[in-house]
Amino acid sequence: MLNQQVAIVTGASQGIGRAIALELARQGATVVAAARGVDKIRAWSNDAGALTPRIHAASVDVTDKASIDKLVEETVQKHGKLDILVNNAGITKDGLLMAMSDEDFDAVIDTNLRGAFRLTRAAIRPMIRAKAGRIINITSVTGIMGNPGQANYAAAKAGLIGFTKTVAKEYAKKGILCNAVAPGFIATDMTAVLPDKLKETVQQIIPLQRMGTCDEIAGVVAFLCGPAATYLTGQVISVDGGLHT
Ligand code: NDP
């Protein structure tokens, strides 16, 4: 379904990003899987069996413009074009507002929001030339609902929603569709650090009564990249077990 498509997925060294990269490759895309930890990407992609030749590990730090420009340039040079960008790289630096340092606030904004801005700005040029493209931003239920201890993260993820809607409006005429996916609580290293008590409480308030899996996010991202999603732009798709309705 994504045959002949070339995709960049950031934050692909583990968790949701790895699952997205694998799913896009499974659907036929050539995937440039990028993160700072390129060795981790090489390790999992070498174990991906028949998908290994479709997955290309690349190094990127989304806080660094030069590394982003290099990633996009090299992708287009090597694979001829860029059809899909998934802005998935993200970090948390949680803490209550009163105790939150400027550094922790800025670091989360810089990776989670400005990183997506930098990459989208670089990726939009080849997409405009091709008059086609799909951009998927991974936001969060926290960006919609807020969450105590995550003022920095919620601000970044809410900002990403406004960014998504604006890119959708600016580039619809060029054939570029931009949507966001808002995961709820997904079992990854990011949520593994949460206290067990909090995880239990969260699961009780999720209508589906469990955390989600990385594959459940990847499937929705692949749908948004595919041929069934041609009349869908500027949307935020919550994939959260019904937490936010
Ligand atoms: P993980 O912490 O497991 O993975 C985060 C990924 O981001 C890693 O691959 C990491 O790779 C990469 N990354 C971090 N900083 C940078 C950077 N500066 N440049 C490039 N890559 C970077 O997180 P998840 O898989 O759980 O989360 C993925 C996305 O989904 C994030 O945007 C997160 O906010 C969002 N999300 C997650 C939820 C969850 O419950 N897990 C819920 C809602 C949203 P490396 O360190 O190698 O660079």
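**The sheet, the ligand and a lysine**

What you have on screen is a predicted model. Its seven strands form an open sheet, paired in parallel, and the order across it is β3-β2-β1-β4-β5-β6-β7. The edge positions belong to β3, residues 55-59, and β7, residues 236-239; each has a single partner strand, so one side of each has no neighbour in the sheet. From one strand to the next, the twist averages 20 degrees.

As a reminder, strands in a sheet pair through backbone hydrogen bonds, and the pairing is either parallel or antiparallel.

Strand β6, residues 176-183, runs parallel to β7 and is joined to it by four bridges.

For the chain as a whole, the count is nine helices and seven strands. Its C-alpha atoms fill a box of roughly 50 × 40 × 35 Å along the principal axes. A compact globule of 245 residues would have a radius of gyration near 18 Å, and this chain has 17 Å, so the two agree.

Now the ligand. There are 31 residues around it, and those that come nearest are Ser13, Asn88, Tyr153, Ile186 and Thr188. For Ile186, a polar backbone atom is 2.8 Å from an oxygen atom of the ligand. For Gly11, the corresponding distance is 3.0 Å. At Gly184, a backbone N or O atom lies 3.3 Å from a ligand oxygen. How much of the ligand does the protein bury? Taken alone, the ligand exposes 890 Å², and the protein buries 92% of that.

Last, the lysine. Lys199 is in helix α8, residues 196-205. Setting aside neighbours within four places in sequence, Lys199 is in contact with Thr191, Ala192, Leu194 and Met211. With Ala192 there is a polar pair: a polar side-chain atom of Lys199 is 3.4 Å from the backbone oxygen of Ala192. Met211 is 12 residues away along the chain, and its C-alpha atom is 8.5 Å from that of Lys199.

That's what I had.

Definitions and conventions:
Residues are numbered from 1 along each chain as its sequence is written. This is a predicted model: local features need pLDDT of at least 70, side-chain atom pairs count only at pLDDT 80 or more; totals for chains, interfaces and linings use all residues. Side-chain values use heavy atoms; hydrogens and water are left out. Two strands pair if DSSP finds at least two bridges between them. Helices (H or I, at least four residues) and strands (E, at least two) are DSSP runs, numbered from the N terminus. Axes are lines fitted to C-alpha atoms, for helices over the stretch in contact, and angles run from 0 to 180 degrees between N-to-C directions. A residue is near a molecule or strand if one of its heavy atoms lies within 4 Å of it. A polar contact is a pair of N or O atoms within 3.5 Å; within protein, one must be able to donate a hydrogen and the other to accept it, and residues adjacent in sequence count only if both atoms are side-chain atoms. Accessible areas come from the Shrake-Rupley method with a 1.4 Å probe; for residues, only the protein chains shown count as cover. The radius of gyration is taken over C-alpha atoms; the globule rule is 2.2 Å times the number of residues to the power 0.38. Contact means heavy atoms within 4.5 Å.
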